[in-house]
Amino acid sequence: VRAMLSYSRSAEPATAESDLNAAVEESLLLLDESLLRDIQVELALDAARPNVRGSPELVQQILSNLIINATDATAGHGTIWLRTGQLSSASAGLLLSPRSAPAYGFIAVEDHGCGIEPEILPRIFEPFFTRKALSTRRGTGLGLYMVFEVAKNLGGLRVESTPGCGSTFTLIIPLAGISRPAGAANPTEGGKDVVSTHMHDE
């Protein structure tokens, strides 16, 4: 964890760029197949392929941790939505605000799992805080902590959650270049190429 955080702080965001669609595709390929065996993954990827400022490795690290968190929230069964898109401005309700920029790209990870209670939500990014202590797959409490710490050097974070209904974690990063006018839609709207995939036991 220390090595990853040290790398994230030393990386020069002005010289590195990440294709958010590629980050989604590559993260799914790199994750353990058994993790997604009984998970249906729905992709809603922006056809303009948002390109943001930041290390591809760090974007993938954040995304992988968010996907793992979503699978745990659904107890390894159900559907996870992965979305990319563009925003004309960083919206309100952020836990972490990105630096000012003309426009932003985003990756959103949405699950329809257990959700997060309002009293617990402020603590989920604390190191070693975990709700998995009694589950069969114990967590270290470092996954979301790393997400938050690395995100500080990339952009902003928003978390929306309703107990019993699910959660959406959205990473928002300044665009490296604008391929089309960014819409003001929120991360669950706007013209996307929708692809449905189903991970299952062959």
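This is a predicted model: local features need pLDDT of at least 70, side-chain atom pairs count only at pLDDT 80 or more; totals for chains, interfaces and linings use all residues.
Colleague: Is H3 roughly parallel or roughly antiparallel to H4?

Modeller: Two packed helices are described by the angle between their axes and the distance between the axes. Helix H3 covers residues 56-73 and helix H4 covers residues 143-151; their axes lie 9 Å apart, at an angle of about 150°. Because angles over 145 degrees count as roughly antiparallel, H3 is, relative to H4, roughly antiparallel.

Colleague: Which handedness has the crossing of H3 and H4, left-handed or right-handed?

Modeller: The two helices meet through named residues: Leu58, Gln61, Ile62, Asn65, Leu66 and Asn69 in H3 touch residues of H4 including Leu144, Met146 and Val147. The crossing of H3 and H4 is left-handed.

Colleague: What percentage of the residues of the protein chain count as buried?

Modeller: The accessible surface of the protein chain comes to about 9800 Å², and carbon and sulfur atoms hold 53% of that surface. A residue counts as buried when its relative accessible area is under 20%. Of the 202 residues of the protein chain, the buried share is 46%.

Colleague: Among contacts between residues at least 6 apart in sequence, what percentage join residues at least 24 apart?

Modeller: Contact here means heavy atoms within 4.5 Å. Among contacts in the protein chain between residues at least 6 apart in sequence, the share joining residues at least 24 apart is 80%.

Conventions. Residues are numbered from 1 along each chain as its sequence is written. Side-chain values use heavy atoms; hydrogens and water are left out. Axes are lines fitted to C-alpha atoms, for helices over the stretch in contact, and angles run from 0 to 180 degrees between N-to-C directions. Helices (H or I, at least four residues) and strands (E, at least two) are DSSP runs, numbered from the N terminus. Angles under 35 degrees count as roughly parallel, over 145 as roughly antiparallel, 65 to 115 as roughly perpendicular and the rest as oblique. A crossing is left-handed if the near helix is turned anticlockwise from the far one by less than a right angle, and right-handed if clockwise. Buried means under 20% relative accessible area, exposed over 50%, partly exposed in between (1.4 Å probe, protein chains only). Accessible areas come from the Shrake-Rupley method with a 1.4 Å probe; for residues, only the protein chains shown count as cover.
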